[in-house]
Amino acid sequence: MSAAPIGKEAIRTEEDRLADAVRQVSAVRGRGRRRSVTVAAALLVALVAVFGVSLSFGDMVMPIGKVVATLLGGGDGGSQFVVLELRLPRALLAILVGTAFGLSGGVFQTVLRNPLASPDLIGISAGASAVAVTAALLFQVSGLALSASALAGAIAAGAAIYLLAWRQGVAGQRLVLVGIGVGMGLSSVVWYVMARSDVTDAQEAFRWLAGSLNGRSWGQFWPMLGALALLVPLTALAAHALRPLQLGDDAAAGLGTKVETGRLALLGCATALAGVATAAAGPVGFVAFVAAPIARRLVPGRGAALPQAALTGALLVLVADFAAQHLLPSVQLPVGVVTSIIGAPYLLLLLARANRVGSGG
């Protein structure tokens, strides 16, 4: 007679446990989403603050109120020239370049599941550099044609690396190793072309290879903006396959994901992002390499954290360019010099940690 009530009680208890588990999972996801939004908002606020400082500070220091008035159409001719023609396009271009590199690095590292998989380490930037330097020094190409050649070089290098790494699919470690080898070969092409060129031309090419925003204007900003207006939505669309791919190829295929199609789409978008950024500012080193790890540490458990990686990259390039302009009096350094000061120690730390893990330490 008592079996039925006991059975109902057991069912009710199990339902309560399931409800508690669902509530706990929902609470954890909610906290993760709130932290993700908070971090993105904080990065955006920091970006706006540094942007304002970069427009205010320089040889001609202006109060932020005067800068805002100039942006809104006021101010005298001198302030309009300084803010609207010299500082504004450079600062905006720094944001776009950092966004592209940060997003590209986040996609590469997540898809290939390797912290070394960034475009400046696996040969993508080297491909852009090799074609651009060859076009500039041997064929006197300049302007938008030079930017187009850099983009074409990045895409060609990415395609070659993917095909060379293909063995019934693409494994992350194999692609990274192939990319490093291809990058070294392309770098030798760059230095060979520079060695055969006029000294003055080679010096100009070297400044570009360091990654520089010096002298950039609206002519570089608008093509970059148009490219990102196309590539960012395409990357967001392709990123729907990112979460299944993080589980591994077999698990992703079991979930119905077209593994190679999704991977190829993501890598294609990431390669194009790195290519357009390199075309606009040169191969600014280590931005793609460090932006995504910083973003993932800020929002742990949120996977690739691509929006945060893009904002981190934008903030990093903007801060680095401001430092490059004002770190030394009367000298404007290439922004890539500053980002390398940040990124090179991180690379050495990463390699040291990998070495300790490999030796059982």
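This is a predicted model: local features need pLDDT of at least 70, side-chain atom pairs count only at pLDDT 80 or more; totals for chains, interfaces and linings use all residues.
Figure 1. Because Asp321 belongs to helix α13 (residues 306-326) and Arg90 to helix α3 (residues 77-112), the pair ties together parts that are 231 residues apart in sequence.

**Figure 2. The salt bridge between Glu204 and Arg207 in helix α7.** The side chains of Glu204 and Arg207 meet at 2.6 Å, N to O. The two residues are three positions apart in helix α7 (residues 199-209), so about one helical turn separates them. Glu204 is partly exposed, its relative accessible area being 47%. Arg207 likewise counts as partly exposed, at 44% relative accessibility.

**Figure 3. The salt bridge between Arg263 and Glu260 in helix α11.** An N to O distance of 2.5 Å joins the side chains of Arg263 and Glu260. Both residues lie in helix α11 (residues 259-281), where a spacing of three residues corresponds to about one turn of the helix. Arg263 has a relative accessibility of 4% and therefore counts as buried. Glu260, by contrast, is partly exposed, with a relative accessible area of 23%.

**Figure 4. Arg87, a buried arginine without a salt bridge.** Arg87 is located in helix α3. Although this residue is buried, its side chain takes part in no salt bridge. The nearest side chain of opposite charge belongs to Asp59 and is 6.8 Å away, whereas a salt bridge requires the nitrogen and the carboxyl oxygen to lie within 4 Å. Leaving aside residues up to four places away in sequence, Arg87 touches Ser54, Leu55, Ser56, Phe57, Gly58, Asp59, Met60, Met62 and Val82. Asp59 is thus among the contacts of Arg87, even though no salt bridge is formed by this arginine.

**Figure 5. The largest nonpolar core and the surroundings of Met194.** The largest nonpolar core comprises 99 residues. Those with the most contacts inside this core are Val97, Phe108, Leu112, Val133, Leu175, Met194 and Met224. Helix α3 supplies the largest share of the core, 16 residues. Met194 touches Val133, Leu137, Ala202, Ala205, Phe206 and Leu209, with residues up to four places away in sequence not counted. One of these partners, Val133, is also listed among the core residues with the most contacts.

How values were computed
Residues are numbered from 1 along each chain as its sequence is written. Side-chain values use heavy atoms; hydrogens and water are left out. Helices (H or I, at least four residues) and strands (E, at least two) are DSSP runs, numbered from the N terminus. Buried means under 20% relative accessible area, exposed over 50%, partly exposed in between (1.4 Å probe, protein chains only). A nonpolar core is a set of buried Ala, Val, Leu, Ile, Met, Phe, Trp, Tyr and Cys residues joined through side-chain atoms within 4.5 Å. Contact means heavy atoms within 4.5 Å. Lys and Arg count as positive and Asp and Glu as negative; His and the chain ends are not counted.
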